[in-house]
Structures are given as C-alpha cells and as structure tokens.
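User: I would like to go through a model with you, starting with the contact between its chains. Could you take my questions one at a time?
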There are 2 protein chains.
Amino acid sequence: MTESGKPILYSYFRSSCSWRVRIALALKNIDYETIPTNLIKDGGQQFSKEFQALNPMKQVPVLKIDGITIGQSLAIIEYLEETRPTPRLLPQDPKKRAYVHMISNLIVSGIQPLQNLSVLKQLRQENNLPWAQKAISSGFQALEQILQGTAGKYCVGDEVTMADLCLVPQVANAERFEVDLTPYPAISRINKTLLALEAFQVSHPCRQPDTPPELRA
Amino acid sequence: MTESGKPILYSYFRSSCSWRVRIALALKNIDYETIPTNLIKDGGQQFSKEFQALNPMKQVPVLKIDGITIGQSLAIIEYLEETRPTPRLLPQDPKKRAYVHMISNLIVSGIQPLQNLSVLKQLRQENNLPWAQKAISSGFQALEQILQGTAGKYCVGDEVTMADLCLVPQVANAERFEVDLTPYPAISRINKTLLALEAFQVSHPCRQPDTPPELRA
C-alpha cells in the first residue's frame, strides 16, 4: 500500500489478467494506485529483480493490499470479495457459485494461459496467430454451450459476477487475435452488455495510465 | 448422482486435475462412484458425444453432485468446500486464504495447462519433453520462493489446504516429465509429507479403478 494506505496494483494496460482485477476494483469502488509494468519494454519489466521479489511468477497483476502482496488474478478477486463484499461478485447460492467458478476457471486456466504472450514467444512467429485462435475458439465453443444453461443478462443469471470479469478481457483478446465471433452469439451479447457498464469502461485497456497515446480512446 | 444418491466423478487415473478432486473427496470422506474416462483410448473418450454433452470442454474431472454437473477442478473443490465444509480446505483468515488461492492458481493456471496432453499433442513430438520441463521448472522456481513465506508443515501453514491438493499431482507430473527436483527442497519436503496421508494415497493414480495392472501399486 502507499503511505496514504491505498492499495497498489501492478498492471499492464493490455494484460487481460490485469483487466479482470481492474474491473473488480472499479465495481467495488476501491481507490488504488497503478504502477504500470510494461511486459514488452526493456525486454519486459516483469523480469526485473525488483519485480521478481514482488512476484516470482514474473506476471501481472500483483496487488499490494492490507499489508500483503497477492499474485494471480482470481486469488486477488477472491480476496477482495472476502474483505470488501459489496457489491457481491459471487452469488450466495452454492450451485450458482459453482457455475461462476467453473466459467471463470474455464477462461483463466483453459483459454488464457495458452494464448499468453510468454507461450506465444516460444513458438515460431508464423504459428502464433493460428495457435492463439485455436485456443480461444475451442474454449469459446465450450463456453457458448455452457452459457445456454447458466446465462441471464450476464454469464450466470442477472447479476455481474467474477465470470463476467473474466469474459470481457478474453473477448478483447479474441478480437486482437482476429477470432470470428459470429459462432458465439451468447458470448457476444453478454460482452456487449457488460461493456456498457461504467466499471468495464474505466478499467478498459484504452483508458489506463500506461496506455500509449495512439491506443487511447 | 447415481440412483443411490452418490456423486459421480468422471476421472482418468493419470489426470492430475482429476487427482486434485479425488484428494478433496477422500479428505472430506465423501462416498462417490468413479466413471473412468480414458483420455487416450478410442482416440480419447472425452471426445465422445455423450461426454461433450456433460462437459463441452472435453476434459476431466467432471463431478455430478446434488443435481448439478461441475467441470474444472478448482470449481469442484470450492463447491465441496462450501457444501461439505469439514474438514476445512481453506483457512478462515482471509490473508491465508489469499495465499492458498494464489498457490492453487499458480499451479492450475500457470503450470498445468502448459504441460497438458492436449497442448503437447499440438507440438512436434521431439519438443514435448523440453516444453513440459520448462513450464514446470519455471513455475516451480516461483513456487519454491513463495513457499519460503507461506509454508509450515504444508503449503500454507500447518493445515492441509486446496494448495496442497494442487501441489502433489503437479509434482507427480514433474516426475513423469523427468524434471530435476533438487532445486526445490520446500516443494519436495511438503510433497513427501502429504504423500504419507491416507487421502493422498487412496486417491493416487496407481490405485484407481482404471489404473492398468502394470502401473498398480
């Protein structure tokens, strides 16, 4: 935390995992300071000694809050949910919570790690786009089917949940990797509805302290 | 659930994600029925129409319980924790819970997906072993450092938590991929301590209904 007691978020404007946490902070109306961590510049600032001491996984996001340092976006969101429960991001009904956790993990473990920058860097450059597209579209096929059974206005019912915080940044990645979204009408509809909410707008990659001028909107 | 009301676990003996859930079921003393789902045989039984209707992600584990069907190991474990809270797999202190979630997610999102069978199948065969070794050792380097601050007898303090359910199956994968574990004394010590517990033994890949005779122990 800063001297004034504000939580500090180590974030990269374009990181979808950072965006998940930024949405949670915005929804819960938590005032915080951003320390931009550029994953490209200087060979990747997450590889610096200082950053590695903070998060040995060399990944953003990292949140310093209440005297502890937390890595992994879902771990951060769960902590915020437990210590700042309003508004709720997990339904009270355990079965609905199970669906929220299932969808969140489908994205966070089943899709995003496979199209992560650090993985793509290990492939030949010409394989990057098809690899990322395959990871995303195969996950989205499953997700679209699951949403038929769980979705209301949002991923699970009519309240914004942790699953929605995972969905929107993953759709943005899909668009970046030029994945055709027409086979996924439920995903597209929910994404559009969520993007109209203020918390999703202020946390958007195009509106961060480290967003380059040419990408600002 | 079966007609007798028992939960049904779709599992593959060797799947590390299935093993996580088997440990939770054993620790919580939940009686269940296993439906073996062979990820190799018949081109992969997870690709059958029946299985895809159950879990569109085409992955094990899947748990049918209390009238719902849950995929994603951490979602299943969280549901079991909420509905069958004894013994507890998440500490009561939110900061310790945050460490448990962080370590669990580090393994479940940061390591396992990169050395998953479905990913390795997309690489050239000669690249499989080095790719998997790199994913595991880079995650273990981070984890070893994190454990210096969180571990007691187990990953977080002196009680078995969800983090331990993720650790042991991941160490087994490391051994399968011939990762040298000597740089990870904390991981190795905690793994050994956990493997002495009955719940980790009865759920072990070498003791499942679908374990081939030559791999039984």
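User: How many residue pairs are in polar contact across the interface of chain B and chain A?
Analyst: The rule finds 5 such residue pairs, both residues being at pLDDT 80 or more. A polar contact is a pair of N or O atoms within 3.5 Å; within protein, one must be able to donate a hydrogen and the other to accept it, and residues adjacent in sequence count only if both atoms are side-chain atoms. This is a predicted model, in which local features need pLDDT of at least 70 and side-chain atom pairs count only at pLDDT 80 or more, while totals for chains, interfaces and linings use all residues. Residues are numbered from 1 along each chain as its sequence is written, chains are lettered from A and ligands numbered from 1 in the order in which they are written, and side-chain values use heavy atoms, with hydrogens and water left out.

User: How many salt bridges are found across the interface of chain B and chain A?
Analyst: The rule finds 2, a salt bridge being a side-chain nitrogen of Lys or Arg within 4 Å of a carboxyl oxygen of Asp or Glu. B:Glu82 forms a salt bridge with A:Arg97, with the closest N and O atoms 2.9 Å apart.

User: What area do chain B and chain A bury between them?
Analyst: About 3,500 Å², with 66% of it on carbon and sulfur atoms. Buried area is the accessible area (1.4 Å probe) that two parts lose on being put together, summed over both. Of the area that chain B buries against chain A, B:Pro56, B:Met57 and B:Trp131 supply 15%, more than any other three residues.

User: Changing topic: is α1(B) mostly covered or uncovered?
Analyst: Mostly covered, as 10 of its 12 residues are buried. Buried means under 20% relative accessible area, exposed over 50%, and partly exposed in between (1.4 Å probe, protein chains only). Among the buried residues of α1(B) are B:Trp19, B:Val21 and B:Ile23.

User: What covers them?
Analyst: The cover of the buried residues includes β1 (8–11), α3 (73–83), α4 (94–110) and α7 (162–176) of chain B. Contact means heavy atoms within 4.5 Å.

User: Which residue just after α1(B) takes a positive phi?
Analyst: B:Asn29, with a phi of about 60°, although it is not a glycine. B:Asn29 is found in the loop between α1 and β2 (33–36) of chain B, and counts as exposed because its relative accessibility is 71%.

User: And where is a cis peptide bond in chain B?
Analyst: The bond from B:Thr86 to B:Pro87 is cis, with omega near -10°. B:Pro87 is placed in the loop between α3 and α4 of chain B. In chain A, a cis peptide bond joins A:Thr86 and A:Pro87, with omega about -10°.

Notes. Helix = DSSP H or I, 4+ residues; strand = E, 2+ residues; numbered from the N terminus.
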